[in-house]
Each structure stands twice: as structure tokens, then as C-alpha cells.
Amino acid sequence: MIYVFIILIVFAGWLYFQRKGKRGALTQTILNDKQKVLLAEHIEYYNNLSEDDKAYFIDKIEQFLDTVNIEGVGLEVTDTDRIMVAASAVIPIFRFKDWTYRNVTNVLLYPDTFDKDYQFEGGDDRNIMGMVGSGYMNGQMILSRAALQKGFSKNNGKQNTGIHEFVHLLDKADGATDGIPEGFLPHEYIKPWVQMMHKEIGRIEEGHSDIDRYGATNEAEFFAVVSEYFFEKPDQLQAKHPELYDLLSKTFGQDPANH
């Protein structure tokens with residue numbers, strides 16, 4: 001009997017380490033075949049990965065879905081919604097070993113744009129596509145499903161609302177949402193980043209940049225906007241803004257233009 005017990009313990013340990021993610025956490029969520037098909041159908045970033053990296057990407061998707069709740073407000077959340085939200089979170093942190101989001105526990109999915117009072121019906125000022133909550137909404141993220149889906153569509157251009165909002169969370173991880181990724185960009189590149197950021201914001205304001213005008217709102221929005229550009233149109237960003245591309249590549253530990 002004791003031998004059977006030992007065998008069971010060894011087998012349980014083997015299963016544990018088989019399911020153990022790269023960051024050392026045992027995931028309860030496991031994507032089924034249908035969900036993996038949805039991943040391949042909608043997430044082009046995933047399709048560009050090697051087979052080993054695809055497995056790792058799935059692992060990080062599962063880890064995210066294990067720890068962050070996704071709720072629908074005025075809609076029923078689908079598997080496609082979950083895959084898109086999780087992919088938005090994983091893409092920026094894909095090369096950050098053992099790093100997880102500690103500043104979000106819940107993603108609220110709205111049907112469409114909403115206003116500053118989180119209302120998505122009535123009124124003419126419903127122009128917000130995504131928001132990271134603060135104050136009593138701390139730990140919450142709100143995303144427009146319409147904007148989320150557009151970000152992963154074939155004609156999305158340089159924009160991806162989901163990635164934009166999760167980059168805000170990365171920015172916030174060092175305690176200040178200020179557009180300076182101090183926890184990720186090597187220290188010697190912080191000053192060049194700040195200088196480049198302010199120079200490019202000036203170019204946007206003057207109408208001399210192809211970066212979305214929303215990036216000139218402030219430093220935090222600049223970082224989020226150019227990060228969208230980096231992941232959605234890396235070849236174009238590298239061609240038009242090589243120094244900016246290089247610093248973002250150092251920040252995220254990725255080189256998407258040269259897969």
C-alpha cells in the first residue's frame with residue numbers, strides 16, 4: 001500500500017510540473033481546442049511565433065485568465081472576448097519572464113464607447129474606448145468590446161485599444177503613470193527616452209508626425225500610443241522612427257519587425 005501511495009505522490013508531482021507555467025504558477029484554466037482555433041483566427045501576433053513560443057503564449061494566456069476576471073456589462077462575454085482581452089495583456093509582457101499584472105483583478109467589457117461616468121447609453125460624449133480605473137475603481141479596467149475587436153481586425157491600422165490599456169498598467173507598475181517605463185527600460189536609456197518622447201510629442205503637435213495625435217495628450221498617452229504602433233505596425237515604425245523603435249524594443253525585450 002505504501003508503494004502505491006508513493007507512486008501517486010510522484011505522479012501528482014509530475015502532473016504539477018507539467019502544468020506549471022514559466023512563472024512558476026499552476027494554472028487552473030486550460031484552453032480547449034476550440035479556443036486555440038479562435039486564438040489563431042484572431043491574434044496575428046500569435047501566428048507569427050515559433051511553435052515553442054506559441055505554446056508559451058498559450059501558457060501565459062491561461063495564467064492571465066486564471067487570475068483576472070472578465071465580466072460583461074450589457075453583454076454576454078464570449079470565448080473570443082476572453083481570448084482578445086488576454087492576448088492584449090500578454091503581448092506587451094511576452095518576454096518578461098515571471099512577470100504578472102498585480103494592478104488589475106477585473107476587466108469590465110462594455111458593448112461600445114462610454115463616458116467619464118462609465119455610462120455607455122445616451123449622451124453625446126461617449127468617446128472613451130478603454131480606461132484603467134483609479135480611486136474606488138482601482139484594480140479595474142474597462143474596455144469597449146467594439147474597440148477591442150477592431151484592434152484585432154485586419155484593418156485596424158496602428159491602433160489596438162486592448163494593448164494600449166495594458167501598457168498603461170505596465171507604466172503604472174513603478175508607481176507613476178508617467179510614460180517612463182523605469183521598471184523595464186535599462187537605466188542608461190531612460191534619459192534618451194524622455195528626450196525622444198518630448199521631441200516627438202512636439203512633432204505631433206506641429207502636425208509633422210504619423211503618430212496618432214492622441215499621443216500628444218501627455219507622456220503616459222504617448223507611451224501607450226507608440227506601443228500600439230510598435231506591436232501593430234512594427235515594420236512601419238522601424239522605418240519611420242528607427243530610434244523610437246529601438247528604445248521600445250529594449251523596453252519590451254521584443255523585435256517584432258524582425259521575427
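This is a predicted model: local features need pLDDT of at least 70, side-chain atom pairs count only at pLDDT 80 or more; totals for chains, interfaces and linings use all residues.
Visitor: At what angle do helix α7 and helix α9 pack?
Guide: Helix α7 spans residues 161–172 and helix α9 spans residues 219–232. Their axes lie 8 Å apart. The angle between them is about 130°.

Visitor: Why are α7 and α9 described as oblique to each other?
Guide: The packing angle of α7 and α9 is about 130°. Angles over 145 degrees count as roughly antiparallel and those from 65 to 115 as roughly perpendicular. The pair α7 and α9 is therefore oblique.

Visitor: Is the crossing of α7 and α9 left-handed or right-handed, and which residues of α9 make the contact?
Guide: α7 passes α9 in a right-handed crossing. From α7, the contact draws on Thr161, Ile163, His164, Val167, His168 and Asp171. The residues of α9 in the contact are Ala220, Glu221, Phe223, Ala224, Val225, Ser227, Glu228, Phe231 and Glu232.

Visitor: How many charged residues are in the contact of α5 with α7?
Guide: Helix α5, residues 79–93, packs with α7 at an angle of about 50°, and their axes are 8 Å apart. The contact is made by Val85, Ser88, Ala89, Ile91, Pro92 and Ile93 of α5 and by Gly162, Ile163, Phe166, Val167 and Leu170 of α7. By class, this contact has 9 nonpolar and 2 polar residues, and the number of charged residues is none.

Visitor: How many charged residues are in the contact of α7 with α9?
Guide: The residues of this contact include 7 nonpolar and 4 polar ones. The charged residues number 4.

Visitor: Which residues lie nearest the centre of the largest pocket?
Guide: The largest pocket has a volume of about 590 Å³ and is lined by 26 residues. Two or more lining residues come from each of β3 (130–132), α6 (145–151), α7 and α9. By class, the lining has 9 nonpolar, 10 polar and 7 charged residues. Nearest the centre lie Met129, His164, Glu165, Tyr214 and Glu221.

Visitor: What is the volume of the second largest pocket?
Guide: The second largest pocket is lined by 23 residues, of which Glu44, Tyr45, Asn48, Phe231 and Glu232 lie nearest its centre. The lining residues divide into 9 nonpolar, 8 polar and 6 charged. The volume of this pocket is about 450 Å³.

Visitor: Which elements each supply at least two residues of the lining of the second largest pocket?
Guide: Phe231 and Glu232, among the residues nearest the centre of this pocket, also belong to the contact of α9 with α7. The elements that each give at least two lining residues are α2 (33–42), α3 (44–47), α9 and α10 (234–240).

Technical notes
Residues are numbered from 1 along each chain as its sequence is written. Side-chain values use heavy atoms; hydrogens and water are left out. Axes are lines fitted to C-alpha atoms, for helices over the stretch in contact, and angles run from 0 to 180 degrees between N-to-C directions. Helices (H or I, at least four residues) and strands (E, at least two) are DSSP runs, numbered from the N terminus. Angles under 35 degrees count as roughly parallel, over 145 as roughly antiparallel, 65 to 115 as roughly perpendicular and the rest as oblique. A crossing is left-handed if the near helix is turned anticlockwise from the far one by less than a right angle, and right-handed if clockwise. Contact means heavy atoms within 4.5 Å. Ala, Val, Leu, Ile, Met, Phe, Trp, Tyr, Cys and Pro count as nonpolar, Asp, Glu, Lys and Arg as charged, and the others, Gly among them, as polar. On a 1 Å grid over the protein atoms alone, a cavity is a set of points where a 1.4 Å probe fits but cannot get out, and a pocket is an open set with protein on both sides within 12 Å along at least five of seven lines; lining residues have an atom within 4 Å of a point. Grid points are joined across faces, edges and corners, and a volume is the space filled by probe spheres set on the points.
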